[in-house]
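Trainee: I am new to this structure. Could you take me through it step by step?

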Amino acid sequence: SPPPPATSLASPSVWKTVCLLEVVSILWIPLCPWTRTQQVSSCGSGFIIDRRRILTNNHVVANAIDVRVRPHGSAKRYAAKVTTYGPDVDLAVVEIEESVADDFWKSVGDTEPAELSESLPALQETVQALGFPTGGRTICVTEGVVSRVDSIELTPPADTTLVIQIDAAINPGNSGGPVFDARGHCAGVAFCNDVRHTSDNIGYVIPAEVVRCFLQRCDNKDGYIMSPSVPYRWHKLENQSLRSAHKVPDGISGVLLTSVAPAMDGALQVGDVLTHIDGRSISDDGQIQLRGSELIQHRYLLRNKRIGEPTVFRVFREGQQVEPAAVELCDLPPICPRWPDVDYLPEYLILGALALVPLAQSHVWYKECHSELKATIYRWNRRWPGDRDNKEGLVLLVTVFAHELTFGYRRGWRIVESYNGISITSLRHLRELWHRTRDEVSEVRGKQRVEAEKAGVPYKPVSPGIFVRLGLQSEDDIWLDASACIDAEQGVLKTHAIERPSFIRGDT
């Protein structure tokens with residue numbers, strides 16, 4: 001590794017780029033997506049970057065309904081809004097509301113935006129973390145050294161990301177603040193500390209190069225574009241029997257591809273040994289050389305790609321080295337949506353006295369999510385787009401409301417696989433099928449009403465004998481009288497303060 005540069009740590013002049021963010025947020029409730037939680041107040045840090053923007057962590061401003069920004073050295077707070085959420089890399093962009101923007105930028109004066117570093121800091125290089133940790137209203141500066149550069153898994157459903165590990169304290173409230181290197185440049189964004197009880201004084205920083213890629217993906221005219229997914233699954237090639245079975249000679253190192261996304265269109269194939277990415281060789285345990293003697297998992301090369309940047313793979317296939325045509329990687333979203341208000345809206349359908357929702361990754365955190373359901377989420381999330389039996393999503397029966405209609409049924413938290421024998425492809429598909437049944441019932445009832453009028457007798461609704469049968473995964477079917485479902489709906493909505501019987505993306 002290169003020797004650390006001469007120390008010239010961030011001067012107080014760059015402290016003016018650091019801001020306190022006061023956030024009020026409300027969350028969707030996955031179990032009751034027609035409502036939200038009580039509002040919660042929290043604080044975090046951010047800092048000024050180019051184009052009159054403020055950079056912070058996604059988790060600092062997630063689900064925000066009100067954001068106030070107070071620059072360092074000022075007692076005044078300014079209204080702001082989140083313009084971009086990037087939960088895949090835990091970054092977000094905040095801008096000052098237009099009505100107070102001129103006052104804000106006048107208050108920070110001629111403060112220059114933080115300058116992002118062009119390279120990763122060296123090991124043992126001294127860094128400073130700036131922010132507003134919980135418990136104080138003034139800026140806090142902590143100093144430490146770079147312990148290592150690594151690739152870690154973020155909190156699910158986010159994927160892995162490149163991080164800088166430092167021994168400076170990163171406490172609640174520090175998140176989103178800048179970390180300056182020995183040159184006085186911003187080496188990255190503080191975003192978490194290691195909360196494991198076996199470790200002390202370990203903090204993590206999102207490097208400047210990840211920030212640069214994030215900001216480039218913010219500039220897309222159609223909105224933020226998620227980081228590319230790794231389009232394959234792989235196995236280490238350290239086992240000699242595994243190598244022999246796949247006829248991999250001793251001079252070849254790399255990883256065995258066990259599953260490949262259809263999006264790769266043949267560029268990679270199951271059974272290939274991936275040996276190089278963009279000319280960089282991969283070891284048998286999946287690592288590549290980062291710099292000098294430092295190693296890192298090869299996923300880092302793919303996850304940090306810019307929009308439009310090609311990727312060149314080299315594989316060992318059928319006894320020879322092959323270099324397919326360069327490909328452009330993209331996000332491959334799992335079938336169970338990840339982040340509400342980012343890549344999906346909380347949708348629901350009230351069918352009689354049943355509440356149905358799309359199965360989302362957030363459901364796995366609830367105690368009601370039994371092991372079979374967790375296994376279902378895991379199994380389906382491993383299936384690539386284009387290999388999902390034409391399914392757009394999975395449907396979860398999340399609540400069986402207490403009602404005469406559902407008396408005797410206790411089968412919440414079950415996957416709904418079919419409707420009257422028809423395989424369900426999404427919650428939207430289920431709603432369409434239900435609405436067809438409603439129309440059938442309405443048509444029969446209309447005929448009954450006409451017949452009663454002709455006979456000169458009062459019309460008394462009689463069940464037309466049309467039923468709804470929901471096929472559940474690993475459970476007996478649920479049968480409901482369709483006309484009774486229609487009659488029960490308004491009472492259920494009123495009892496549970498549900499404004500409308502359904503909401504699905506695109507509804508007005």
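Trainee: In what order do the six strands of the barrel close?
Mentor: The order is β1-β2-β3-β6-β5-β4, with antiparallel pairing. On average, neighbouring strands of this sheet are turned by 40 degrees against each other, direction ignored. Strands are DSSP runs of E with at least two residues, helices are runs of H or I with at least four, and both are numbered from the N terminus. Two strands pair if DSSP finds at least two bridges between them. Angles run from 0 to 180 degrees between N-to-C directions, and axes are lines fitted to C-alpha atoms, for helices over the stretch in contact.

Trainee: What kind of model is this?
Mentor: This is a predicted model, in which local features need pLDDT of at least 70 and side-chain atom pairs count only at pLDDT 80 or more, while totals for chains, interfaces and linings use all residues. Residues are numbered from 1 along each chain as its sequence is written, and side-chain values use heavy atoms, with hydrogens and water left out.

Trainee: How many bridges pair β2 with β3?
Mentor: Three bridges pair strand β2 (residues 40–49) with strand β3 (residues 53–56), in the antiparallel sense. I48 has I54 in β3 as its bridge partner.

Trainee: Which helix lies across β2 and β3?
Mentor: Helix α4 (residues 208–218) does, and it also lies across β5 (78–86) and β6 (91–96), running at about 60 degrees to β6. Contact means heavy atoms within 4.5 Å.

Trainee: Moving on, is β12 enclosed or open?
Mentor: Strand β12 (residues 203–207) is largely enclosed by the rest of the structure, because five of its five residues are buried. Buried means under 20% relative accessible area, exposed means over 50%, and partly exposed lies in between, with a 1.4 Å probe and protein chains only. G203, V205 and P207 are on one side of β12, while Y204 and I206 are on the other.

Trainee: Which strand is joined to β12 by three bridges?
Mentor: That is strand β9 (residues 160–166), which runs antiparallel to β12. Q165 stands opposite Y204 in β12.

Trainee: And helix α9, where does it bend?
Mentor: α9 bends by about 40 degrees at A488; the bend is the angle between axes fitted to the seven residues ending there and the seven starting there. The end C-alpha atoms of α9 (residues 482–495) are 20 Å apart, which agrees with the 20 Å that its 14 residues should span at 1.5 Å a residue. That expected span is 1.5 Å times one less than the number of residues.

Trainee: What covers the buried residues of α9?
Mentor: The cover includes β21 (348–351), α8 (427–455), β26 (467–472) and β27 (478–481). Among the buried residues of α9 are C485, I486 and V492.

Trainee: How many disulfides are there?
Mentor: A search of the whole structure finds zero disulfides, a disulfide being a pair of cysteine sulfur atoms within 2.5 Å. For C140, the closest cysteine sulfur is in C43, 14 Å away and too far for a bond. C336 is in no disulfide either, with the nearest cysteine sulfur, that of C369, 9.7 Å away.

Trainee: Is C336 buried or exposed?
Mentor: C336 is buried, with a relative accessible area of 0%, whereas C140 counts as partly exposed at 25% relative accessibility.
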